[in-house]
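Please open the structure in your viewer and keep a selection tool at hand. The stops below say what to select next and what is to be found there.

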Amino acid sequence: TLSGKSPLFVVDGFPRPIEYITISEIESVSVLKDGAATALWGARGANGVVLIQTKRGKYKSLEFSADYKRGFGFATKQAQMADAAGYAEAVNEALVNDGLSLRYSDAEINAFRNNLHPYLYPNTNWLKEGLRDHSDNNQLNLSFRGGGETSRYFAVIDYKNDLGLLNYSDFDDRFSTQLRRYDLNIRINLDVDITSSTTYQVNLLGMLNETKRPGTIAANAVFDALYTIPSAAFPVFAESGIWGSDNIFQSNPIAQIASTGYHRSTNRMLQGDMRLKQNLSTLISGLSAELAVAYDNNATFAEPYNKKYKYEINVPTMDPVSGEITNVNTSVFGEESALSFSSSLSGQYMRTALEGSLKYEKFFDNHGVNASAIYRQESHIPDGRNNSRYRQYILGTASYSYDD
C-alpha cells in the first residue's frame with residue numbers, strides 16, 4: 001500500500017508487535033490475505049494479517065521442557081583496507097592526477113612500510129584494533145504445560161543475551177562498554193472452566209530488556225569510525241601513553257569505545273488480556289458469546305554514563321633525504337573527566353482494547369453457516385503531545401459453505 005508493506009500482526013486476538021514473541025510460545029500461525037478476511041481489521045489489514053496463537057495448557061497432564069543454546073557471531077564481511085604505505089602512495093597518486101604536489105616523501109612512505117617510527121608514522125589496522133574475533137550469545141528456555149480437570153496452564157521463561165564484537169571494552173576496570181543485550185521474557189497462559197459452558201482465559205507476558213553500548217557513540221557509528229580513519233592517520237596510543245589523534249579527525253575511535261563511559265537502556269513491558277467465553281447452545285444451537293479486554297504498558301529508560309578523554313596530536317617533520325625526524329610538534333587536547341550520570345524516560349506507550357462478540361456456527365450435512373457481530377475499541381497512548389490514537393469498530397460477517 002502507499003503507507004508501507006508490513007502486515008498486521010495479531011497475537012491472541014489483539015494487535016501487538018511480534019519481536020517479543022519467542023518460538024517456544026507459538027502454537028499456530030495463520031496468514032490472512034483475501035479481502036473478506038482482512039476486512040475484519042479495517043485499513044490496517046490492507047497488507048495482510050498474520051494471526052499468532054500462543055500455546056495453552058492441557059487437561060490432566062504435566063509437561064516440562066528445557067532448552068539451552070550457545071552461539072558465536074563472526075564479522076565475516078570486512079572490507080580489505082589499505083595499509084599505511086599503500087594509503088600514502090594512493091594519496092600521492094591522486095594529488096599528481098590533480099596537478100598538485102606530493103603529500104608524502106619516499107622516506108615517509110618507507111617509514112610507514114618498515115615501521116621505523118610507529119608513533120609518528122603508524123600503520124594502524126583499525127578493524128583489528130576495534131573488533132574481537134567473535135561475539136557470544138546464550139539462550140535458556142524453560143516451559144511448563146499441564147492442567148487438571150477444570151483448569152489448564154502454560155508458562156515459559158526465556159532468557160537470552162548477546163555480547164558484541166568490540167575490543168577494548170574492558171579498558172576501564174570500573175565498567176564495560178561492550179555492545180550487550182539481555183532479554184528476559186515470562187509468559188503465563190491460564191484457562192479455567194467456570195462451568196461446563198463458561199471458560200475464563202488470562203494471558204500475561206512480562207519482559208525486561210537491557211542494552212549497553214559505549215557512552216557517546218552509537219553502535220553503527222563505531223563501525224563507521226573504524227572504516228573511515230586511514231591506517232596512516234595516527235596510532236591508537238601516542239608514545240606518551242595518551243590516546244592518539246590528528247588535526248583532521250580530532251577523535252580516536254578506540255578511545256570512543258573504551259574511554260567515553262557507557263550508555264544503558266532498559267525496556268520494561270507488560271502485556272495482559274482476559275477473555276470470557278460463553279457457550280449459548282442451550283438457547284440456540286451453535287450460538288456463543290465472548291468478552292475480552294487487554295492492557296499493554298511499555299516503558300524505556302535511558303541511563304547515560306559519560307566521560308571525556310585526553311588525546312595527543314603529533315605532527316612530525318622528516319628530512320626527505322636522510323629520513324631523520326627533525327622536529328615534532330605536539331599538542332594535547334581534552335581531559336580525563338569523571339563519569340557523569342543522568343536518567344530519563346525515553347519512551348512509553350499504553351494500549352487498551354475492549355472486544356465483545358456474538359457468533360453463530362452451524363453445520364447441516366454438507367452445508368455450513370457462519371455469522372458474527374463484533375464490537376471492538378482500541379486506544380494507543382504514547383508519550384508526547386497529540387500522539388494518541390483511538391479506533392472503534394462495529395463489524396458484521398456472514399458466510400456460507402457447501403462441502404467445505
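## Aromatic pairs

The count of aromatic pairs comes to 12, where rings of Phe, Tyr and Trp (its six-membered ring) pair if their centres lie within 6.5 Å, and planes under 30 degrees apart count as stacked, over 60 as edge-to-face and the rest as tilted. This is a predicted model, in which local features need pLDDT of at least 70 and side-chain atom pairs count only at pLDDT 80 or more, while totals for chains, interfaces and linings use all residues. Residues are numbered from 1 along each chain as its sequence is written, and side-chain values use heavy atoms, with hydrogens and water left out.

Select Tyr 262 and Tyr 305, which form a stacked aromatic pair with 4.5 Å from centre to centre and 15° between the planes. The pair links distant parts of the chain, with Tyr 262 in strand S11 (residues 261–279) and Tyr 305 in strand S12, 43 residues apart; strands here (E, at least two residues) are DSSP runs, numbered from the N terminus. Tyr 262 is buried, with a relative accessible area of 12%, and Tyr 305 also counts as buried, at 16% relative accessibility; buried means under 20% relative accessible area, exposed over 50%, and partly exposed in between (1.4 Å probe, protein chains only).

Tyr 309 counts as buried at 11% relative accessibility, and Tyr 311 is buried with a relative accessible area of 13%.

To widen the view, select Phe 175, Tyr 262, Tyr 305 and Phe 341, which ring pairs link into a cluster.

## Salt bridges

How many salt bridges does a search of the whole structure find? The search finds 21, a salt bridge being a side-chain nitrogen of Lys or Arg within 4 Å of a carboxyl oxygen of Asp or Glu.

Select Asp 296 and Arg 16, which form a salt bridge whose closest N and O atoms are 2.9 Å apart. Asp 296 lies in strand S12 (residues 287–306) and Arg 16 in the loop between strand S2 (14–15) and strand S3 (26–32), so the pair ties together parts that are 280 residues apart in sequence. Both Asp 296 and Arg 16 are buried.

Move on to Glu 27 and Arg 145, whose side chains meet in a salt bridge at 2.8 Å, N to O. This pair also links distant parts of the chain, since Glu 27 is in strand S3 and Arg 145 in strand S6 (residues 135–147), 118 residues apart.

Now select Asp 191 and Arg 152, a salt bridge in which the closest N and O atoms are 3.7 Å apart. Asp 191 is in strand S8 (residues 180–193) and Arg 152 in strand S7 (residues 151–163), 39 residues apart, and the pair links distant parts of the chain. Asp 191 is buried with a relative accessible area of 0%, and Arg 152 is buried with a relative accessible area of 17%.

Finally for this stop, select Arg 275, Glu 290, Glu 355 and Arg 376, which are linked in a network of salt bridges.

## Charges over rings

A charge sits over a ring if NZ of Lys or CZ of Arg is within 6 Å of the ring centre and within 35 degrees of the ring normal. Then select Arg 103 and Tyr 104, where the charged end of Arg 103 sits over the ring of Tyr 104, 4.4 Å from its centre.

## A loop residue

Select Ser 388, in the loop between strand S17 (367–382) and strand S18 (389–402). Ser 388 is partly exposed, with a relative accessible area of 37%. Not counting residues up to four places away in sequence, Ser 388 touches His 380, Ile 381 and Pro 382, contact meaning heavy atoms within 4.5 Å.

Note on methods:
Helices (H or I, at least four residues) and strands (E, at least two) are DSSP runs, numbered from the N terminus.
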